[in-house]
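Keep the model open and follow along as we go.

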Amino acid sequence: MTDKGSSSLPPEAIISLEKQYVLQTYTRPDFVITGGDGVWLIAGAGHRYLDGGSGIAVNALGHGHPAVLAALAQAGRGPIHLSNLYHNRPMTLLARDLCQSSFADRVFFCNSGSEANEGAFKFARKYARVILQKNDKTGIVAFSGSFHGRSMGAVAATATEKYRAPFEPVMPGARFAEFNNIESARAAINGQTCAVIVEPVQGEGGVTPARPEFLAALRRRCDETGALLIFDEVQCGLGRTGALWAHQAANVSPDIMTIAKPLAGGLPMGAILLTQAVAGAITPGDHGSTFAGGPFVSAVARAVFGLVSQPEFLAAARQTGEYLHQKLEALARTQPAVTAVRGAGLMWGLVTTIPAADVVRAAQGQGLLIIPAGPKVVRLLPPLVITRAEIDILLEKLTAAFKKAW
Ligand SMILES: Cc1ncc(COP(=O)(O)O)c(C=O)c1O
């Protein structure tokens with residue numbers, strides 16, 4: 001098969017080939033993005049979109065960031081892949097960096113958020129079996145509005161029926177309590193629970209922060225029942241909320257934390273961070289992943305983490321986040337379709353009376369890419385490097401989109 005001439009195919013031809021050959025699990029708009037520059041994405045001559053979604057919280061440093069480009073070039077000169085059968089310098093140093101900047105003592109690397117949550121459940125079950133010596137302590141408690149991924153364990157802990165029901169039977173043992181409801185959580189977590197999984201700020205479920213008292217109550221209940229507390233910071237972690245870790249706002253520490261999306265600057269990477277107490281249950285051969293923590297992806301992740309974890313970087317993200325927040329509150333005062341603004345840092349949801357998909361489509365017409373979070377929440381996840389001037393442009397476009405959709 002020849003690829004001759006395919007790089008010059010017009011966007012309409014690419015869209016038509018996508019409809020013919022790509023499994024239709026996503027509904028895509030009718031433009032083709034071919035480049036990026038800072039917070040901008042480029043779709044052919046003259047078409048620029050302000051990236052208000054960062055590839056769903058992945059492109060934290062925007063597009064073409066010099067630190068990422070330099071790390072890619074440098075890492076490309078070393079081995080791309082080694083296999084986890086051998087020592088690997090960038091992966092080891094990245095694990096050290098992550099532990100030294102968090103509650104964790106150990107890291108297991110993987111390739112995605114789902115894979116991280118999947119591994120977290122396995123570690124929790126092994127911990128209950130080996131350390132607590134309880135074979136029937138296998139239950140997982142998750143919450144309404146949660147999203148933890150698409151694999152059979154992660155989707156079992158994902159609240160939205162439509163993601164789960166068509167694929168049942170999924171992993172048994174998961175049940176749901178009401179998010180931010182302490183009584184509901186206390187009732188659901190019992191002696192059979194091996195782990196409680198919660199997003200400190202729910203993303204897909206509508207950009208809803210967990211109340212600090214709720215996270216503290218989960219910590220207490222887990223300690224009472226011997227369950228492990230897992231924070232899923234796949235979307236809200238790594239600077240997104242203006243703190244390195246979203247749970248720092250509540251001052252509550254988990255036993256396990258899962259991260260992924262922005263970790264390697266756009267390359268696929270996830271990680272499970274855990275305390276030594278949990279790590280003590282895991283022995284060689286218990287878990288693995290062929291591509292995980294390869295030297296190339298780890299070297300790039302180290303460069304990203306080196307930047308994102310700097311106090312000055314986080315302070316700047318907090319300040320632009322607060323600026324964005326104020327602007328969104330002002331929009332909500334003048335735009336009747338917006339009934340609430342919620343989130344933290346550079347992760348915001350606008351609760352709307354009109355379908356979020358209509359606003360997202362109208363925003364595309366204005367040259368702005370944003371994402372729905374459920375049917376009635378419009379989600380903003382701009383790159384963490386966005387400037388105030390770029391936020392002003394974002395707000396102009398968003399205001400125009402609301403006027404069109406309303
Ligand atoms: C909070 C959270 N957990 C897990 C996942 C799953 O991550 P992935 O798509 O990388 O498997 C997502 C993806 O959106 C997420 O937002």
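The protein chain splits into domain 1 (68-308) and domain 2 (312-406), with bounds that come from an automatic or database domain assignment. This is a predicted model, in which local features need pLDDT of at least 70 and side-chain atom pairs count only at pLDDT 80 or more, while totals for chains, interfaces and linings use all residues. Residues are numbered from 1 along each chain as its sequence is written.

Let's see how the two domains meet. Taken over C-alpha atoms, the centres of domain 1 and domain 2 are 27 Å apart. Contact joins 18 residues of domain 1 with 18 residues of domain 2; two residues are in contact if their C-beta atoms, placed from the backbone, lie within 7 Å. On the side of domain 1 that touches domain 2, β9 (208-209) and α10 (295-308) each supply at least two residues. Helices (H or I, at least four residues) and strands (E, at least two) are DSSP runs, numbered from the N terminus. That side of domain 1 is made up of nine nonpolar, seven polar and two charged residues. Here Ala, Val, Leu, Ile, Met, Phe, Trp, Tyr, Cys and Pro count as nonpolar, Asp, Glu, Lys and Arg as charged, and the others, Gly among them, as polar.

The largest nonpolar core has 122 residues, and A271 and V300 touch the most other members. Such a core is a set of buried Ala, Val, Leu, Ile, Met, Phe, Trp, Tyr and Cys residues joined through C-beta atoms within 7 Å. With 10 residues, α10 gives the most to this core, which draws at least three residues from each of domain 1 (68-308) and domain 2 (312-406). Leaving out residues up to four places away in sequence, A271 touches L98, V107, F108, F109, C110, A116, I259 and L263.

Finally, which residues come nearest to the ligand? Of the 15 residues around the ligand, they are S112, G113, S114, G149 and V234, where near means a C-beta atom, placed from the backbone, within 6 Å. Helix α5 (residues 113-130) provides the largest share of this shell, three residues.

Notes. Buried ≥ 20, exposed ≤ 12 C-beta atoms within 10 Å, placed from the backbone.
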